[in-house]
Amino acid sequence: MDTILLNNNIEMPMLGIGTKGLNDPDICEQVVLYSLKEGYRLIDSAPLYHNENAIGLALSETDIPREDIFITSKVIPTSYHKSLALKSIEKTLNRLRIDQLDLLLLQSPLIEGWKNAWKMMEKAVDMHLVRSIGVCNFYFDDQIDELCSMANIAPVVDQVECHPFFQQHRLRKKLIMENIRLEAWYPLGHGTSFLINNTILMDIATKHHTTICQVILKWHIQVGNIIIPRSSNPYHIQRNFHLGNFSLDPEDMKKIASLDMGCNFYRVPKAIQKLQYLVVR
Ligand SMILES: NC(=O)c1ccc[n+]([C@@H]2O[C@H](COP(=O)([O-])OP(=O)(O)OC[C@H]3O[C@@H](n4cnc5c(N)ncnc54)[C@H](OP(=O)(O)O)[C@@H]3O)[C@@H](O)[C@H]2O)c1
């Protein structure tokens, strides 16, 4: 499995398993165990997914040494307050049955209090509860500048929506300048048929005797994205990890570049839109 070196010299696998939507604890536990067996060594979790207990159970059952698995979780906006952030990290560690997270991400810059939360995340690094810290959903240069100017510990990753219909060219340039890695959520566009049945991608998949999803995931790896596709289907889990020996050539990459629509699929839930302190951009 390809790994990348983060700006704090910690190695992170480039391909892992996403766990959002794995709501059934038994299914989540089985997915994590099966993924580890297939070779996955990166697990993306969050308290918001309500499945950290199930992931913890799987981690307690596997024979794979803890230090070989890279585990990510997040600080969510309801825990941004100074008095709550550290407690939420400790609760996450308890649910996951581990002593230390490899990566802790701040969920969003759109909710007031994120800077307090970041300071507590830095404290968690000092306390050895967390090895690396990063963010999610920082899409704009000014947000990243604001973060970098107040951070004592540099963010290693920005986890954002990214797939062939939303390729994040502008953001990618900014992140390269700041030495922050792009991690793609919705790497398969949340499984939307517009993307995973796209005819241009189908032609490329046919040319390489592979599937559209494998082409999409290979594209991510070739442009340098860390990816966390989610699946509860063992065949998909296996195919998403073993992408095959093919490489996308410049002509394939040009065709995929032409698919960029520069807009997101994810819609902010109405309940969150109503929060008065949500900054809409
Ligand atoms: N930080 C954030 O704000 C944020 C937001 C959203 C997501 N995330 C993270 O990113 C992860 C990935 O996002 P996501 O789960 O929403 O979307 P995704 O990984 O882009 O897509 C998942 C969908 O694709 C399908 N799929 C997976 N592999 C497939 C294959 N080989 N062939 C056909 N269909 C396939 C899955 O169905 P099957 O189960 O049937 O395979 C599922 O419906 C999440 O699980 C979560 O860890 C983070």
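Predicted model: local features only at pLDDT ≥ 70, side-chain atom pairs only at ≥ 80, totals over all residues.
Q: Where does His 50 sit, then?
A: His 50 belongs to the loop that links strand S4 (42-44) with helix H2 (52-61).

Q: What is its phi?
A: The phi of His 50 is positive, about 55°, although His 50 is not a glycine.

Q: Is His 50 buried or exposed?
A: His 50 has a relative accessible area of 69%. Exposed means over 50%, so His 50 is classed as exposed.

Q: What about the phi of His 128?
A: His 128 is not a glycine either, yet its phi is positive at about 65°. This residue lies in the loop between H4 and S7, and it counts as exposed with 59% relative accessibility.

Q: Turning to the strands, why is S6 described as largely enclosed?
A: Strand S6 covers residues 101-106, and six of its six residues are buried, so the rest of the structure largely encloses it. Buried here means under 20% relative accessible area.

Q: Which way does S5 run against S6, parallel or antiparallel?
A: Strand S5 (residues 70-75) and S6 run parallel and are joined by four bridges. Ser 73 stands opposite Leu 104 in S6.

Q: How does the chain get from S5 to S6?
A: It passes through helix H3 (residues 82-96), forming a right-handed β-α-β crossover.

Q: And how many bridges join S6 to S7?
A: Five bridges join S6 to strand S7 (residues 130-136), and these two strands run parallel. Leu 106 has Val 135 in S7 as its bridge partner. Between S6 and S7 the chain crosses through helix H4 (residues 114-126), and this β-α-β crossover is right-handed.

Q: Now the ligand: how many residues surround it, and which are the closest?
A: The ligand is surrounded by 27 residues, the closest being Asp 44, Gln 159, Leu 188, Ser 231 and His 236. The shell consists of ten nonpolar, 13 polar and four charged residues.

Q: Which polar side-chain atom lies 2.7 Å from a nitrogen atom of the ligand?
A: That atom belongs to Gln 159. With oxygen atoms of the ligand, a polar side-chain atom of Arg 230 lies at 2.8 Å, and a backbone N or O atom of Gly 189 lies at 3.4 Å.

Q: How much of the ligand does the protein bury?
A: The ligand taken alone exposes 910 Å², and the protein buries 88% of that area.

Key: Residues numbered from 1 in each chain as written. Heavy atoms only, no water. Near = heavy atom within 4 Å. Polar contact = N/O pair within 3.5 Å; in protein donor to acceptor, adjacent residues only side chain to side chain. Areas by Shrake-Rupley, 256 points an atom, 1.4 Å probe, with all protein chains shown as cover. Nonpolar A, V, L, I, M, F, W, Y, C, P; charged D, E, K, R; others polar. Buried < 20%, exposed > 50% of the residue type's maximum accessible area, 1.4 Å probe, protein only. Pairing = 2+ DSSP bridges. Right-handed = clockwise from strand over helix to strand, strands pointing away.
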